[in-house]
Amino acid sequence: MEESGIQEQSTTPDQPRSRMRCENPKDNFRLMKFRRRMLRKLGKLLYLFVKHLPGSYETPNFNAKKIRGNCAGLILEQCGKNVNFEKGSTFYDDLVIGNNSGVGIRAEIGECVTIGDDVMMGSDCIIYTNQHEFRRTDIPMRLQGSQGIQPVFIGNDVWIGSRVTILPGVRIGNGVVIGAGAVVTKDLPDYAIAAGVPARVIRYRK
Ligand SMILES: CC(C)(COP(=O)(O)OP(=O)(O)OC[C@H]1O[C@@H](n2cnc3c(N)ncnc32)[C@H](O)[C@@H]1OP(=O)(O)O)[C@@H](O)C(=O)NCCC(=O)NCCS
């Protein structure tokens with residue numbers, strides 16, 4: 001037995017030989033965390049390459065949707081089923097994304113973002129969750145650090161048009177539609193259709 005407490009399992013019929021186990025539950029937990037960390041690193045490394053595969057709706061696409069989705073599954077703690085990470089999209093490993101949702105072509109998703117189920121996203125969307133501090137005028141802004149993370153939440157069944165920018169701390173309700181090119185500076189209530197810069201509710205879906 002190694003010092004870490006990891007050992008080969010004995011060869012009784014109901015204990016397969018190839019499996020590793022730990023005597024100590026603490027070591028088991030550490031081993032699990034280590035494996036998780038390694039898989040996440042592997043996922044991130046692979047994603048650097050697979051994000052350049054063709055868009056999911058291009059032909060041929062070499063099964064890019066599935067490949068990118070599997071990589072994201074390695075990276076993310078909470079990743080729904082049938083998620084479409086489009087070509088060139090980037091995200092942090094704390095992204096939470098629900099079932100049947102999409103991250104658009106070249107989308108940039110900041111830290112600490114939650115996306116619900118059935119969310120559609122056009123190309124070139126940006127979700128910011130942090131920004132520069134700029135209150136002082138006696139020192140350059142580049143030396144003032146950042147304002148800190150303000151999470152963004154996006155509900156279920158949301159359609160985000162192309163080139164939408166969502167600013168830090170915004171909450172988008174369920175069933176919302178956001179028009180192409182909008183800059184969302186404030187929360188949007190359920191079933192709102194919003195457009196423009198800054199985004200204003202133009203009407204409700206119901
Ligand atoms: C927001 C959207 C869904 C609204 O569609 P709609 O209900 O048919 O809206 P209308 O065409 O009736 O426009 C209603 C008003 O909103 C304005 N408007 C619509 N979309 C707008 C937009 N993206 N930005 C600014 N204003 C917009 C219209 O000019 C109109 O203004 P008016 O009443 O002063 O004339 C649609 O315009 C849109 O932006 N779709 C996104 C398309 C896209 O990005 N597709 C690819 C990604 S999947």
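Q: Why are α1 and α2 called roughly antiparallel to each other?
A: In this predicted model, helix α1 (residues 25–50) and helix α2 (residues 64–75) pack at an angle of about 150°. Angles over 145 degrees count as roughly antiparallel, and therefore α1 and α2 are described in that way.

Q: What else describes the packing of α1 and α2, besides the angle?
A: Two packed helices are described by the angle between their axes and also by the distance between the axes. For α1 and α2, the axes are 7 Å apart, and α1 passes α2 in a left-handed crossing.

Q: Which residues of α1 and α2 meet?
A: On the side of α1 there are L39, R40, L42, G43, K44, L46, Y47 and V50, and these meet I67, R68, C71, L74 and I75 in α2. Sorted by class, this contact has nine nonpolar, one polar and three charged residues.

Q: How do you know whether A194 is buried or exposed?
A: A residue is buried if 20 or more other C-beta atoms lie within 10 Å of its own. A194, which is found in strand β17 (residues 192–195), has 22 C-beta neighbours inside 10 Å and therefore counts as buried.

Q: What does A194 touch, leaving out residues up to four places away in sequence?
A: A194 touches V176, I178, G179, A182, V184, L188, A199, R200, V201 and I202.

Q: What makes D118 partly exposed?
A: The class lies between the limit for buried, 20 or more C-beta neighbours, and the limit for exposed, 12 or fewer. D118 has 19 such neighbours inside 10 Å, and so D118 counts as partly exposed. D118 is found in the loop between β8 (113–115) and β9 (120–121).

Q: How do you know which class R163 belongs to, buried, exposed or partly exposed?
A: R163 has 17 other C-beta atoms within 10 Å, and since buried needs 20 or more while exposed needs 12 or fewer, R163 is therefore partly exposed. The place of R163 is in the loop between β12 (159–160) and β13 (165–166).

Q: How do you know which classes of residue make up the shell around the ligand?
A: The residues around the ligand are M120, G122, G161, S162, V177, G179, A180, G181, I193, A195, G196 and I202. Met, Val, Ala and Ile count as nonpolar, whereas Gly is among the polar ones, and the shell therefore divides into six nonpolar, six polar and no charged residues.

Definitions and conventions. Residues are numbered from 1 along each chain as its sequence is written. This is a predicted model: local features need pLDDT of at least 70, side-chain atom pairs count only at pLDDT 80 or more; totals for chains, interfaces and linings use all residues. A residue is near a molecule or strand if its C-beta atom, placed from the backbone, lies within 6 Å of it. Axes are lines fitted to C-alpha atoms, for helices over the stretch in contact, and angles run from 0 to 180 degrees between N-to-C directions. Helices (H or I, at least four residues) and strands (E, at least two) are DSSP runs, numbered from the N terminus. Angles under 35 degrees count as roughly parallel, over 145 as roughly antiparallel, 65 to 115 as roughly perpendicular and the rest as oblique. A crossing is left-handed if the near helix is turned anticlockwise from the far one by less than a right angle, and right-handed if clockwise. Two residues are in contact if their C-beta atoms, placed from the backbone, lie within 7 Å.
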